[in-house]
Amino acid sequence: MTAFVGLGSGLIRKSGGCQIGSLNGRTWHLTSSRQGRIRRGHGTKIKMAVVSSTEVDLRRDILKRLRERMISEQIDAFIVPSPDPHNSEYASDCFNRRTYVSGFDGSAGTAVITLKKALLWTDGRYFLQAEQQLTPAWELMKAGTPGVPTIEEWLAENVKAKGTVGIDPYVHSISNAGTLREALEKANKKLVFLEENPVDSIWRSRPGYPKAPVRVHPIEYAGTTAAEKVKKIREEMKKEDVDCMLVSMLDEVAWLLNIRGDDIPCCPVVLSYVIVEKDAVTLFVDPKKIREPVRSYLKKAGVRTDSYENAKVAVVKLAACGKKFWLNPASTSAAMHAAANQRDRALVKVTPIPLMKAVKNVQEAQGMLNAHYKDGAALCNFFTWLEKEIVARRSISEVQVAKTLKRFRSQQKDFLGESFPAIAGSGANGAIIHYRAVPATCGDVTTDQLFLLDSGGQYLDGTTDVTRTIHLGTPTRQEVEAFTRVLKGHIAIDSAVFPEGTTGNMLDPLARMPLWEVGLDYRHGTGHGVGACLNVHEGPHGISPRATTTGLQPGMIVSNEPGYYEDGKFGIRIENLLIVKEADTANKFNDKPYYGFSRLTHAPFQRKMIDVKMLTPTEIAWINKYHRDVRERILPRVNGEEAEWLTRNTAPLEVPRPVGSAPASSAPASSGYGSSQAGYSRAPTAGYGSSRAGYSTSAEGNGTVPPGYEIPSVGSGTSRGAYGYSSTESAAPGPSNPAPPATSSASSAGSSAAWSGPAKPSDGYRTSNPASATPTAGYGSSRADTASGPSTSAYGTPRAGYSTSPSRSPSSPVRSATQSSPFAEPPARSTASSTPAASSPVPAGSAASYASSAEDSSKDGENLEYSPALTRRELFFIALAGIWLAILGFGAPKVRSLQRAESVAQLQ
């Protein structure tokens, strides 16, 4: 069957398995099973993946020539991973072999080519992107999804008996190569190391090695000298009885010697190796990159230099002399391992450098905070510009957005460049987790769809990474609900208090809980480590479902970025960077210290995207406190209309309250929640919890970092509660605490792009009859944890898929048969059919309405006890998830080491 789809002056014709068409003089090939879009200016959008006929022909020719080389090398399969010889997540152009072969340019992915097939494995962040970029000759393997084998499993099953799999040992880590060899040998196959990478022999226009000069990273930002770091490394080497340590990771080399460069786009690193001996340190780097004053600096620091190409030669010579090397299995290449392990004496074990680099010292922490202040000002300037452009009805492409944001960042002091290519995704493009806009196919930012912007900057004093999702028109009900659920997960991570030894996989369920409530999730980790004027992704820590043995420690920086994505519709992600700090809890069980987080990122959330009715009082207080912090820190850095924009968009959220009910701030602490549990009060007022000294500001409140990483809680000068803030700062707006009027602006007054004001429940979005526990919009029931009676409280919000009516058990989901998803538009419903409200002795929204008893809970069939942070249902699931993750993380006899570039990328 042949189908025709009109597209401007061209036609797209489906014929057999491939669709072929012409558009503006070019021929396009599309695969019907894929999801993407063509966009020409304001023309028609087609939801199919697009690759030009030129691209199809190019990839076909590359595969043909590569297979010819494979036959000459007598190998049945060849693996092309993402990393360079240093296992970098992002590589210099000369090492982007996988992109050259496949056309897929995501940061994580591995290609496998046999004599008949070409396959690409990648993770959930890149499924849509890979579907769009791969030609019909390639098969996408969605790693981690049910039924999809690992690379090792597939090769063991599909390569012929006694067949040979070839790899370039310079771009496979020790652990990765070991895993491959073990799997293949069990299946009677063989792994061979090739002397030359077959891709290099067919890459006719391969770029040369980067030539950017090396620069010194100032001690006022590094905080510790290279000599001091080397001394600590030698102390660890002595404990392990080794003679040499090979440092392969580029960010580890840069951190150790306090040097920076520009050899990888967005990553200020230098293509190099370092060998640390008991009495010498040698940097292997292109000598043309070493100029004054760097040459004098290295000499003074006791660092010798040699050419980059001599690194392996030096390893071979030292090993031949009986020197014992310490190699990191996740970052050292199999080639270097073979060179160092001649006498089978090499120590293959994680080195202390990744953890030392991850724990920031005081100067690094202060620099990161200062960088985020500058970044916050740049974002404020950018969003003011974007709003004005939309109000003026000017067409703005995703590419233009990325370029303009970079321009605003470049106006800040000590800006070095982007920390990664900006992800500017409008509408369906926002659902591509690591989307990159290109001029030929990018979309426009409009007033009728969500816009996701994930970006970051490299500054001399720090690295930033921030994501905001906004709507410059009127968001739909499902978009607002999804955003609010993501925000609730974001707040839960930010507010977490946890004991020493807690790993990121234990915290990860907190971010997903609001989505899990309605059967939703996202396909990426919740947080990754971030370097200080280094790589935007670093280990060994992170927040992810993946098991890890590295606990979070004070000084570590981690992102907090839950999300939700509707393929083909929209994407939502909210990201701040956090620094781990010690918390002053009321108790210290088993004499363990307890930790929490302090925020680095300073950028407002779009208030119209927040459904206040879905939030607890503590969550509302958290948002208002955060916005106040942002305003106080960033306002002195902006002027004029940018200052007006910032003031307007950091105004307190307006808390809905039934007429005649008591203000939220008047609820006494004795209304059922006066007792403290694990260091925080459950009272919805009077501070929302006990103070955590680990988050208090300095006495001066001037934004400096006292000893012990005491980064201030941005301008507040008061203690932060475990799950909230002091009532003097965070009381909900009301008669006793009136909200300041929003500042008007001629550029945004009355415009559809204005951020100010809470989301308006248009079209009946998430509304609930105050006199009934049954929702009027068909979205499930009112949240049972917001009131003890059947009437909806001041903060009542429907919980999709659940009913709190006495006639139904809380375990029985209620969902309309016509709803295809939790966020589907609800069917029309007559108010006459609503369940009559039972009489309640307590007015909704009053202080006493927050108190619930066991009798109330058993009577309504659900636990109605209100908690400002988490319900009993949520705490139960957190405990259950924690046990499950603990079993995965600590019950396994061996956690398999993964290729570093892939494992770190998964944290993002």
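I started at L283, which stands opposite T305 in β17. Helices (H or I, at least four residues) and strands (E, at least two) are DSSP runs, numbered from the N terminus. Two strands pair if DSSP finds at least two bridges between them.

I then followed the chain from β16 to β17: it passes through helix α10 (residues 294-300), and this β-α-β crossover is right-handed. Right-handed means that, with the strands pointing away from the viewer, the path from the first strand over the helix to the second runs clockwise. β16 and β17 (residues 303-306) run parallel and are joined by four bridges.

Before going on I noted the ground rules. This is a predicted model, in which local features need pLDDT of at least 70, side-chain atom pairs count only at pLDDT 80 or more, and totals for chains, interfaces and linings use all residues. Residues are numbered from 1 along each chain as its sequence is written, and side-chain values use heavy atoms, with hydrogens and water left out.

On its other pairing, β16 meets strand β15 (residues 273-277) in the antiparallel sense over four bridges. I found I275 opposite T282 in β16. Three residues lie between β15 and β16, which form a hairpin.

Which way do the side chains of β16 point? V281 and L283 point one way, T282 and F284 the other, and all are buried (under 20% relative accessible area; exposed is over 50%, partly exposed in between; 1.4 Å probe, protein chains only). In a regular strand the side chains alternate between the two faces of the sheet.

**The six-stranded sheet**

Next I looked up an open sheet of six strands, in the order β9-β8-β7-β6-β10-β11, with mixed pairing. β9 (139-142) and β11 (190-193) stand at the edges with a single partner strand each, so one side of each has no neighbour in the sheet.

The bridge partner of V80 in β7 is A111.

**Nonpolar cores**

I listed the nonpolar cores last (sets of buried Ala, Val, Leu, Ile, Met, Phe, Trp, Tyr and Cys residues joined through side-chain atoms within 4.5 Å). The largest has 90 residues, and F382, L386, V401, L507 and F597 have the most contacts inside it. Helix α14 (residues 362-391) gives the most to this core, with 12 residues.
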